[in-house]
Each structure stands twice: as C-alpha cells, then as structure tokens.
Amino acid sequence: MDFFFKKKGMRVRVAALIFNSQNEILLIQQKKKDSYYWLLPGGGIEFGESAEDALRRELAEELSLEMKSASFLLLNESIEPGGKRHLIQLVFSVNVKKEVPELNLNEKAITGFGYFSPAAVREMDLRPDIKSFLSEGNFQPSPFIKSVWVSEKK
C-alpha cells in the first residue's frame with residue numbers, strides 16, 4: 001500500500017470552508033517553487049487519523065483556529081494530466097471559535113491568508129480549482145458516513 005501512495009503520488013487532503021461575518025471565504029496562500037497560489041485551509045490526513053481529526057489538527061497547526069463543528073460538503077478529485085499526481089480532497093463546512101486566524105511562522109509553505117468574496121475567488125489562482133463550486137454558493141452538507149471496522153472471521 002505504501003508503494004502505491006509514495007510512488008504514484010496519491011494524496012488525501014482535508015479542507016475547511018470557513019466564512020467570516022461578511023460571508024467571505026477564508027483562503028491561505030502558498031508558495032511552491034516560484035509560484036504563489038491560494039487554497040482552502042487544511043492538509044494531509046495521516047495514516048490512522050480520521051478526516052475530522054486531521055482537519056482539527058491542521059487548522060490548529062497552520063492558523064491557530066479551534067474547530068467547533070464540521071459538516072461534510074463534497075469530495076473533490078484532481079488528477080494531473082501526466083498521471084504523476086492524484087489528489088482526493090474532502091471539503092467540510094467548518095465553524096471555528098474565533099474568526100481571525102494567526103499564521104504559524106513555522107509553516108514555511110504558507111505565505112499569507114485572507115477572507116475573500118466569492119466574486120474575488122473566481123479571479124484567483126485556486127488549487128485545486130473548485131471556484132465554480134464556491135461561486136455557486138450552494139453549501140448543503142452531503143452524507144459523510146463513518147462506519148465501524150468489520151474484522152474478517154478466520
């Protein structure tokens with residue numbers, strides 16, 4: 001299993017859709033190599049970690065935000081045309097205890113953050129590109145089913 005994930009570039013990421021009191025969307029800016037782009041706050045799920053626990057951890061680590069609640073919105077899949085990278089992103093609608101994040105200076109890839117209107121988001125370099133979903137404004141929770149692991153009988 002590790003071979004598939006490491007050699008083929010599969011990544012599972014959680015992301016938070018967070019609004020401020022002006023109904024603007026929180027985005028973080030990252031720099032990789034020489035390009036800057038925006039994305040929803042979040043990050044990778046560690047092996048054995050639930051999606052909600054990963055989201056709680058990432059928000060605390062990157063932005064010092066404490067998650068109050070999370071509702072699953074959508075699964076977003078993005079595959080690089082060359083087939084070298086494959087991203088599965090689980091997006092949750094998230095309520096946080098405080099509206100203003102604090103950037104963790106130890107997070108070298110994150111260069112900034114801000115709240116933006118859906119109209120402004122449409123013009124940004126957003127990765128993965130889910131601008132059409134964000135601009136529609138239909139943020140109804142979708143089913144997210146957690147199940148107990150079933151052991152096979154010997």
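Trainee: Which residue follows H2, and what is its phi like?
Mentor: In this predicted model, H2 is followed by Ser64, and the phi of Ser64 is positive, near 55 degrees.

Trainee: And how many residues does H2 itself have, and how far does it reach?
Mentor: Helix H2 covers residues 51-63, which makes 13 residues, and from its first C-alpha to its last it reaches 18 Å, close to the 18 Å expected at 1.5 Å a residue.

Trainee: Which residues of H2 are buried?
Mentor: The buried ones are Ala51, Glu52, Ala54, Leu55, Arg57, Glu58, Leu59, Glu62 and Leu63.

Trainee: Let's turn to the sheets. In what order do the strands of the four-stranded one come?
Mentor: The order is E4-E1-E6-E5, in an open sheet whose pairing is mixed. The edge strands are E4 and E5, each of which pairs on one side only, and the twist averages 20 degrees from one strand to the next. H2 packs on this sheet, where it touches E1, E4, E5 and E6, and the direction of H2 makes about 120 degrees with that of E4.

Trainee: How many bridges join E1 to E6, and do they run parallel or antiparallel?
Mentor: Eight bridges join E1 to E6, and the two strands run parallel; as one example to find in the structure, Val14 has Leu90 in E6 as its bridge partner.

Trainee: And the sheet with three strands, what is its order?
Mentor: That open sheet has the order E3-E2-E7, with antiparallel pairing. Strand E3 (35-39) and strand E7 (110-116) stand at the edges with a single partner strand each, so one side of each is left without a neighbour in the sheet. From one strand to the next, the twist averages 25 degrees.

Trainee: What about E2 and E3, how many bridges there?
Mentor: Strand E2, residues 25-32, is joined to E3 by five bridges, and these strands run antiparallel; within that pairing, Leu39 in E3 is the bridge partner of Ile28.

Trainee: Where is Lys33, and is it buried or exposed?
Mentor: Lys33 sits in the loop between E2 and E3, and it is exposed, with a relative accessible area of 79%. Although Lys33 is not a glycine, it has a positive phi of about 55 degrees. Asn23, in the loop between strand E1 (10-17) and E2, also has a positive phi, near 65 degrees, in a residue other than glycine.

Trainee: New topic: which residues does the cis peptide bond join?
Mentor: The cis peptide bond joins Arg127 and Pro128, with omega about -15 degrees, and Pro128 lies in the loop between helix H3 (118-122) and helix H4 (131-136).

Trainee: Last one, what pLDDT does the chain average?
Mentor: The protein chain averages a pLDDT of 88, and 88% of the residues score at least 70. Over residues 1-5, however, the pLDDT is below 50, and that stretch has four contacts in the model beyond near neighbours in sequence. Where pLDDT is low, the predicted coordinates should not be read in detail.

Methods
Residues numbered from 1 in each chain as written. Predicted model: local features only at pLDDT ≥ 70, side-chain atom pairs only at ≥ 80, totals over all residues. Heavy atoms only, no water. Pairing = 2+ DSSP bridges. Axes fitted to C-alpha atoms, helices over the stretch in contact; angles between N-to-C directions. pLDDT = per-residue confidence, 0-100. Contact = heavy atoms within 4.5 Å. Buried < 20%, exposed > 50% of the residue type's maximum accessible area, 1.4 Å probe, protein only. Expected span 1.5 Å × (residues − 1).
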